[in-house]
Amino acid sequence: MRAFFLLYPALGLLLFFAFALLALTQFPHRRAIGLTDLASQQTIWTRVVAGLLVILALVLAVLNEGGGFGILLWAGLLSLASCIVALILSWRPSFLAPLAQFISSDRFPIFFRKSS
């Protein structure tokens with residue numbers, strides 16, 4: 001028996017991080033945390049990474065649950081994750097401050113950075 005019960009929270013967490021990354025590329029959310037705006041190149045790569053996380057969650061859901069229920073599961077978790085991010089941003093945006101500081105640093109996205 002496969003451990004499907006571990007897949008659902010993992011997909012939800014993956015989608016949560018994707019939506020948090022997308023939200024933290026917008027200046028009003030960064031201002032609520034107390035950070036400055038991202039450079040345009042950082043914004044682009046952050047959005048690319050977030051989009052890849054959303055696609056990865058869809059692929060994992062379809063591979064593990066099949067086409068019908070996998071897409072339904074993905075859509076449900078997509079809605080839940082986006083609502084949680086919206087609630088955190090309106091209630092306690094400081095909870096996302098470590099992630100915002102990480103994407104502002106030179107360590108993110110490490111695989112796209114030019115070597116000096």
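The buried residues of helix α4 are covered by elements that include α1, α2 and α3. This is a predicted model, and its chain holds five helices and zero strands. Of the 116 residues in the chain, 36% count as buried.

**Helix α4**

- The buried residues of α4 are Gly70, Leu73, Trp74, Leu77, Leu78, Ala81, Val85, Ile88 and Leu89.
- With 25 residues at 1.5 Å a residue, α4 should span 36 Å, and because its end C-alpha atoms are 36 Å apart, the model agrees with that expectation.
- Serine 79 also lies in α4, but it counts as partly exposed because its relative accessibility is 42%.
- Serine 79 has its C-alpha atom 9.8 Å from that of phenylalanine 16, although 63 residues separate the two along the chain.

- Helix α3 takes in residues 40-65, which makes 26 residues.
- From its first C-alpha to its last, α3 reaches 38 Å, close to the 38 Å expected at 1.5 Å a residue.
- Buried in α3 are Gln42, Thr43, Thr46, Val49, Ala50, Leu53, Val54, Ala57 and Ala61.
- These buried residues of α3 pack against α1 (7-23), α4 (67-91) and α5 (97-104).

**Where α3 meets α4**

- The two helices α3 and α4 pack at an angle of about 140°, and their axes are 7 Å apart.
- Their crossing is right-handed.
- On the α3 side, the residues that meet α4 are Val54, Ala57, Leu58, Ala61, Val62 and Glu65.
- On the α4 side, their partners are Gly67, Phe69, Gly70, Ile71, Leu73, Trp74 and Leu78.
- Sorted by class, this contact of α3 with α4 has ten nonpolar, two polar and one charged residues.

**The nonpolar core**

- The largest nonpolar core has 31 residues.
- Leu11, Leu15, Leu21, Leu24, Trp74 and Leu96 are the residues with the most contacts inside this core.
- At least two residues of this core come from each of α1, α3, α4 and α5.
- The biggest share is from α1, which gives nine residues.
- Leucine 15 touches Val54, Ala57, Trp74, Leu77, Leu78 and Ala81, with residues up to four places away in sequence not counted.

- Histidine 29 is found in helix α2, residues 27-33.
- Histidine 29 counts as partly exposed because its relative accessibility is 24%, and the buried class needs a value under 20%.
- Histidine 29 and alanine 100 are 71 residues apart in sequence, with 9.5 Å between their C-alpha atoms.
- Alanine 100 has its place in helix α5 and is buried, with a relative accessible area of 0%.
- Leaving out neighbours within four places in sequence, alanine 100 is in contact with Leu24, Arg30, Ile33 and Leu35; Leu24 is among the residues with the most contacts inside the largest nonpolar core.
- Alanine 100 also has its C-alpha 9.8 Å from that of glycine 34, and the two are 66 residues apart in sequence.

**The chain overall**

- From the N terminus on, the order of elements is α-α-α-α-α.
- Among contacts in the chain with a separation of 6 or more, 72% come from residues 24 or more positions apart.

How values were computed. Residues are numbered from 1 along each chain as its sequence is written. This is a predicted model: local features need pLDDT of at least 70, side-chain atom pairs count only at pLDDT 80 or more; totals for chains, interfaces and linings use all residues. Side-chain values use heavy atoms; hydrogens and water are left out. Helices (H or I, at least four residues) and strands (E, at least two) are DSSP runs, numbered from the N terminus. The expected span of a helix is 1.5 Å times one less than its number of residues. Buried means under 20% relative accessible area, exposed over 50%, partly exposed in between (1.4 Å probe, protein chains only). Contact means heavy atoms within 4.5 Å. Axes are lines fitted to C-alpha atoms, for helices over the stretch in contact, and angles run from 0 to 180 degrees between N-to-C directions. A crossing is left-handed if the near helix is turned anticlockwise from the far one by less than a right angle, and right-handed if clockwise. Ala, Val, Leu, Ile, Met, Phe, Trp, Tyr, Cys and Pro count as nonpolar, Asp, Glu, Lys and Arg as charged, and the others, Gly among them, as polar. A nonpolar core is a set of buried Ala, Val, Leu, Ile, Met, Phe, Trp, Tyr and Cys residues joined through side-chain atoms within 4.5 Å.
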